[in-house]
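Reader: Please show me how to read this structure, one feature at a time.

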Protein chains: 2
Amino acid sequence: MIAQEPNETRARLLRTAFQLFHEQGFHATGVATILREADVNPGSMYHFFASKDELLLGVLEFALEYLGPAVMEPAEARTQDPIGRVTELLEQYREGMESAGCRMGCPMGNLALEVSDGNAQARALIHRNFENWAARVEGWLNTAGDRLPRDLDRGRLARFVLTVMEGGLMQSRAAGHLGPFDDSVAVLLEHFEMLETQARSQKRKVRTK
Amino acid sequence: MIAQEPNETRARLLRTAFQLFHEQGFHATGVATILREADVNPGSMYHFFASKDELLLGVLEFALEYLGPAVMEPAEARTQDPIGRVTELLEQYREGMESAGCRMGCPMGNLALEVSDGNAQARALIHRNFENWAARVEGWLNTAGDRLPRDLDRGRLARFVLTVMEGGLMQSRAAGHLGPFDDSVAVLLEHFEMLETQARSQKRKVRTK
DNA sequence: AAGATGATTGAGTGATCGCTCAAGAACCGA
DNA sequence: TCGGTTCTTGAGCGATCACTCAATCATCTT
């Protein structure tokens, strides 16, 4: 059929489900709750999504589009500095966590641990979300030039930033306060400082050649 | 009835539930499944645990005891070297992940993201599990003496090791292979090397005073 | 206007959820 | 041997689970 404007009901279902999966988790969120919150009837939902699992796949694809404009671009807008952008990005997650009373954390991280074992397609989409996240950060780090060591694997470091963010949020979730997250970020930033120190000594060596 | 040592049924329920929660998650595991696997009748379970949530609390207390003998002591047995013990500990989690086909990951991490929002007591126990884990690693790091910088916060670094472990496992879960975990551990070990380098230069300065 | 297609309605499905409880068996000290 | 306590049995409870479908409405094409 001729392409029509994006279906409003479908979009509302995706937004509502994304929100509820983030707040309560996938299994803890009943289809009935999603339908009530989105003000949609069961038949309508099953017109667009064959099952709750397929709705999850839709949500994960929605998150893939959501990631750039809602997460990465705000951090990019705050500063041009490559490493400053990493700091801003982590600060964004901190604010999200704080304003939720140390609940919820990262939506993708939560789903990664809850559904990635039993649903291969969901696992693949979560993986793609992580890869996109890290690729964007890698892009920032690539613009850092000789502020970072010459032979440093930027992609690996970008994934490490994700690792620290997810691990820090997890512990803060359990702690009920942001201490563990802040500590983790602090060590990460010290790591960056050591890398920058290392890079400066490399530059000095090149100059004295 | 066959004579049993005290609370054998209770112990079997805790072991079985711990295993199933780890494999499938808390909400995805039905009470009926636990009862079938543990070969226990509903009435028996509800004699020991007032609800599924209370069973979870029992499991988290069980994990608290399980942590030392089953996780930390094996790593301690492999080497006396403080930083080597960190490496061994991470290697243990790697092996667990590998032998499970990159499924499951860390039982405490999974539960942290699934149940810590809706159950305050569970959150507190998960937090205590994390704190015990980190405290044990901190104990190792404290024996490293001047191999690490003098004013380094050992407790913070220990928690950072946990952060990297959990974040790395999460990404490997989504990826379906151990690449992200290995990369994260590699960066962490490079961080330790930089700290050791820093500590060596401190020693040199002290000597030349 | 007529027909085709897409989208919505909502009562209702069987299955499974966490859980109950009355009855009885096993074990205990006295 | 007895009464008291702890533990086990398992059929069965109401609630909720994910999901169905025939009927109806809305929109577009011809």
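Reader: What should I know before starting?

Author: This is a predicted model, in which local features need pLDDT of at least 70 and side-chain atom pairs count only at pLDDT 80 or more, while totals for chains, interfaces and linings use all residues. Residues are numbered from 1 along each chain as its sequence is written, chains are lettered from A and ligands numbered from 1 in the order in which they are written, and side-chain values use heavy atoms, with hydrogens and water left out.

Reader: How are chain A and chain B related?

Author: In general, a rotation about an axis and a shift along it relate two copies of a chain. Here a rotation of 180° with 0.0 Å of shift along its axis puts chain A on chain B, with an RMSD of 0.1 Å. The superposition is by least squares on the C-alpha atoms of residues with pLDDT of at least 70 in both copies. The two copies are therefore related as by a two-fold rotation axis. Within chain A, Gly167(A) has the C-alpha nearest the axis, 2.2 Å from it. Both copies use the same surface, as 98% of the contact residues of chain A recur in chain B; contact means heavy atoms within 4.5 Å.

Reader: What secondary structure does chain A have?

Author: Helices (H or I, at least four residues) and strands (E, at least two) are DSSP runs, numbered from the N terminus. Chain A has nine helices and zero strands. Its C-alpha atoms fill a box of roughly 75 × 45 × 30 Å along the principal axes. Of the contacts in chain A with a separation of 6 or more, 68% are between residues 24 or more positions apart.

Reader: How much of chain A is buried?

Author: A residue is buried under 20% relative accessible area, exposed over 50%, and partly exposed in between (1.4 Å probe, protein chains only). By that rule, 54% of the 209 residues in chain A are buried.

Reader: How many disulfides are there?

Author: The criterion used is a pair of cysteine sulfur atoms within 2.5 Å. A search of the whole structure finds zero disulfides over all chains. For Cys102(A), the closest cysteine sulfur is in Cys106(A), 15 Å away and so too far for a bond. Cys102(A) also counts as buried, at 5% relative accessibility. In chain B, Cys102(B) is in no disulfide, and the nearest cysteine sulfur, that of Cys106(B), is 15 Å away. Cys102(B) is buried at 5% relative accessibility.

Reader: Which residues does Ser172(A) contact?

Author: Leaving aside neighbours within four places in sequence, the contacts of Ser172(A) include Cys102(A), Met97(A) and Phe181(A). Ser172(A) belongs to helix H8 (residues 154-175) of chain A. Ser172(A) is buried, with a relative accessible area of 0%.

Reader: What should I look for in phi angles?

Author: Most residues other than glycine have a negative phi. Asp39(A) has a positive phi near 55° and is not a glycine. Asp39(A) lies in the loop between helix H2 (31-38) and helix H3 (42-48) of chain A, and is exposed, with a relative accessible area of 65%. In chain B, Met104(B) is not a glycine either, yet has a positive phi of about 70°. Met104(B) sits in the loop between helix H5 (82-99) and helix H6 (107-115) of chain B.

Reader: What does His127(B) touch?

Author: Not counting residues up to four places away in sequence, His127(B) touches Ala174(A) and Ala175(A). His127(B) is in helix H7 (residues 120-142) of chain B.

Reader: Where is Gly58(B), and is this residue buried or exposed?

Author: Gly58(B) is in helix H4 (residues 52-78) of chain B and is buried, with a relative accessible area of 7%. Beyond residues up to four places away in sequence, Gly58(B) touches Leu14(B) and Phe49(B).

Reader: How does distance along the chain compare with distance in space?

Author: Gly84(B) and Trp140(B) are 56 residues apart along the chain, and their C-alpha atoms are separated by 9.5 Å. Gly58(B) and Arg154(B) are 96 residues apart in sequence and 31 Å apart in space, C-alpha to C-alpha.
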